[in-house]
Amino acid sequence: MKKLLPTSTAGSLPKPSWLAEPEKLWSPWKLQGEALIEAKQDALRLSLQEQQHAGIDIVSDGEQTRQHFVTTFIEHLEGVDFAKRETVRIRQRYDASVPTVVGAVSRPKPVFVDDARFLRQQTGQPIKWALPGPMTMIDTLFDNHYKSREKLAWEFAKILNQEARELEAAGVDIIQFDEPAFNVFFDEVNDWGVATLEKAIEGLKCETAVHICYGYGIQANTDWKKTLGSEWRQYEQAFPKLQQSGIDIVSLECHNARVPMDLIELIRGKKVMVGAIDVASNAIETPEEVASTLRKALQFVDADKLYPSTNCGMAPLARQVARGKLHALSAGAEIIRQELAHP
Ligand SMILES: [Zn+2]
């Protein structure tokens with residue numbers, strides 16, 4: 001029988017201090033050349049082992065080989081000039097100096113496929129691989145070529161589809177697209193955001209997921225959350241279209257979030273990765289706290305479609321905090337499995 005409530009993380013995990021400066025986003029690498037390649041693989045192995053020791057069921061690379069979940073993918077594309085930078089406002093929240101789209105974008109060679117193959121060699125467990133979504137990619141760039149967010153998103157969707165097909169062939173079981181931008185640009189989500197995402201998953205036979213969250217636990221996001229009021233209803237905007245889409249799994253932020261749990265009803269039929277770990281706090285959840293969030297979610301999602309997860313990536317956290325949270329996630333899921341087995 002297939003295990004109920006398979007656990008996973010939303011994405012990144014902390015990097016060891018010998019690879020990159022810890023507890024920091026866009027942290028520069030400490031090594032270069034061949035030494036860096038080897039160090040990234042070593043870190044991937046460690047990250048995998050920590051997930052396995054914590055009892056995580058669907059494992060990932062912990063994003064050990066990338067500096068940032070969006071930027072690193074874009075760095076491998078043609079048509080984007082990283083030396084030519086402009087300051088733009090990211091997801092209407094904070095200013096960042098970003099690269100410029102200067103010509104037609106293309107993917108001259110695979111970006112993460114070798115890394116995924118390496119992860120596949122290390123484990124027989126189901127593996128999940130994260131890619132940025134088209135809308136989140138365009139929001140992290142200054143476009144001086146297409147001059148249309150929609151046009152650029154369609155181009156990225158084609159490129160993501162090429163990468164996704166090769167990740168599938170490398171043995172990835174679940175390909176996840178990170179679309180925090182879906183929580184911000186509601187008209188675009190419905191006009192073309194979900195459509196470009198469907199382009200990115202075209203022809204795939206493996207499972208597909210979209211991760212939509214309120215971001216890493218960084219100050220700009222914490223400040224933004226304070227402006228959102230007592231109920232966060234952002235998911236209400238994208239869910240009806242996603243329910244109609246070909247995406248198999250929707251990954252959400254739930255724990256310590258003011259998201260009304262009943263919004264999950266809007267994606268009835270989809271598998272739901274329920275964020276039961278707060279990535280914006282160093283406090284390690286108790287298994288009972290995790291179980292409590294999962295219990296609430298079970299009112300709106302069938303048990304065989306509930307996938308306990310984290311709210312977002314944990315790259316900015318201290319390693320021992322992230323480790324504690326992984327263990328809490330497993331233990332909390334086990335409490336609910338026992339309850340379901342002995343009602
Ligand atoms: Zn996230």
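Reader: Where is Glu23 placed, and what makes it count as partly exposed?

Author: Glu23 belongs to the segment before H1, where helices (H or I, at least four residues) are DSSP runs numbered from the N terminus. A residue is buried if 20 or more other C-beta atoms, placed from the backbone, lie within 10 Å of its own, exposed if 12 or fewer, and partly exposed in between. Glu23 has 14 C-beta neighbours inside 10 Å, and therefore counts as partly exposed. Its phi is near 55 degrees, a positive value in a residue other than glycine. This is a predicted model, in which local features need pLDDT of at least 70, side-chain atom pairs count only at pLDDT 80 or more, and totals for chains, interfaces and linings use all residues. Residues are numbered from 1 along each chain as its sequence is written.

Reader: Is Leu5 buried or exposed, and how do you know?

Author: Leu5 has 22 other C-beta atoms within 10 Å, so it is buried. Leu5 is also placed in the segment before H1, and has a positive phi of about 55 degrees although it is not a glycine.

Reader: Why is Gln67 called partly exposed?

Author: The count for Gln67 is 16 other C-beta atoms within 10 Å, which means that Gln67 is partly exposed. Gln67 is found in the loop between helix H1 (33–53) and helix H2 (71–75). Its C-alpha atom is separated by 5.2 Å from that of Trp26, 41 residues apart along the chain.

Reader: Which residues is Gln67 in contact with, leaving aside neighbours within four places in sequence?

Author: They are Trp26, Ser27 and Thr72; contact requires that the C-beta atoms, placed from the backbone, lie within 7 Å.

Reader: What makes H5 roughly parallel to H6?

Author: Helix H5 (residues 149–169) and helix H6 (residues 186–200) pack at an angle of about 25 degrees, with their axes 7 Å apart. Axes are lines fitted to C-alpha atoms, for helices over the stretch in contact, and angles run from 0 to 180 degrees between N-to-C directions. Angles under 35 degrees count as roughly parallel, over 145 as roughly antiparallel, 65 to 115 as roughly perpendicular and the rest as oblique. The angle therefore makes H5 roughly parallel to H6. Among the residues that meet are Trp154 in H5 and Trp192 in H6.

Technical notes: Helices (H or I, at least four residues) and strands (E, at least two) are DSSP runs, numbered from the N terminus. Two residues are in contact if their C-beta atoms, placed from the backbone, lie within 7 Å.
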